[in-house]
Amino acid sequence: RRKEEEAEARRKEEEAAAAAAAELQAADTARPAMLRQATGPIPAPVSRVVPAPMSPRASTRAGVGAPPSAGHGEDANDSFDASAFGGDPDALLAALQVAAVSSEGLTPKAHAALKELTAEASGDRSDTGSWRLSSAIAIYENAGSRGDALAGQELWTLLRSLDEDREEDMQWLEFAADAGLPEAQFLLGQELEEENMSTAIGLYKAAAANGHGNAQFSLSACYAEGDGVDRDMEEAERWLRSAAEAGVPQAQFKLAVALESGSDGIRQRDEAEAARWYALAAAQGDKFAAMLSHSRRTSGGGARPDGDAESSDGLSSDTDDKA
């Protein structure tokens, strides 16, 4: 009996949300495009209140806990199909809003469709593009207010890219980080470095432990420089290798330099391995690595360009290298 009542309540909720979205979408279609920005997003966000993360996800910021699925895990039953809307972004927005307030929420496919639509709208300087961005923000707020951590992360990232993030909007990133999303933990760590380095280190450790390459690279730099932690070159090398293996080109380049020079935490020079990391970094667009890889191929040696020794000697790095 209880299950039937819950199912009936969900059905009524979804029907009401669909009817409201359809009504608003129909009203918007009748408006001139020039009025869209002035009349606001469709529909307006339900709330700006960020929910507390559900236990046991909390306290990840201290460096414990495994990441949950981003909003929803991979689901073979994920039936959201962006192609069903015939390339009409406004119809897709309406469907995404319905999904955001439904019992299922934004599925991985819905998240991917919203992110792609948002990227396209960001490059559209027209009133229509601005309206679509406002609508996307409303959808993320609706989903985030219902506990979707990935929506909170994407909302903060979108607001930051638009230079519209306010101090109170940091709560969305904090919510996503506390929910265990490695990217959110890394981004929040970057935000907190100047005011609270110990918290930033905890966030980097949490994200790095869950395979986030840029967090691993930042953590390596912290250990190499003794920034917020005791200087530990073995830890610096360990996290640098992890970041390089995760595909971070800056880490691949820095590891190649350290292997070639045998400096800092690298206990034994290995020019063959250095050449491999130079090539991998160059393949990802690292200009210094490309230049050095070419130099090694043409000269048969391991020469580095003059003037680069200070910025790429071993594992030590400037703060700017952590990004």
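In helix α4, the residues Ala110, His111, Ala113, Leu114, Leu117, Thr118 and Ala121 are buried (under 20% relative accessible area, with exposed meaning over 50% and partly exposed in between, for a 1.4 Å probe and protein chains only). Seen down the axis of α4, these buried residues fall within an arc of 165 degrees, so they line one face of the helix; the arc is taken from the directions that run from the helix axis to the C-beta atoms. Over on the other side of α4 sit Glu116, Ala119 and Glu120, which are exposed. The buried residues of α4 pack against α3 (89–100), α5 (127–145) and α6 (149–161), where contact means heavy atoms within 4.5 Å.

This is a predicted model, in which local features need pLDDT of at least 70 and side-chain atom pairs count only at pLDDT 80 or more, while totals for chains, interfaces and linings use all residues. Residues are numbered from 1 along each chain as its sequence is written, and side-chain values use heavy atoms, leaving out hydrogens and water. Helices are DSSP runs (H or I, at least four residues), numbered from the N terminus.

Further along comes alanine 207, found in helix α9 (residues 197–209). Alanine 207 is buried, with a relative accessible area of 0%. Leaving aside neighbours within four places in sequence, alanine 207 touches Pro182, Gln185, Phe186, His212 and Ala215.

As for the helix pair, α8 (residues 182–192) and α9 pack at about 160 degrees, with their axes 8 Å apart. That makes α8 roughly antiparallel to α9 (angles over 145 degrees).

How values were computed: Helices (H or I, at least four residues) and strands (E, at least two) are DSSP runs, numbered from the N terminus. Axes are lines fitted to C-alpha atoms, for helices over the stretch in contact, and angles run from 0 to 180 degrees between N-to-C directions. Angles under 35 degrees count as roughly parallel, over 145 as roughly antiparallel, 65 to 115 as roughly perpendicular and the rest as oblique.
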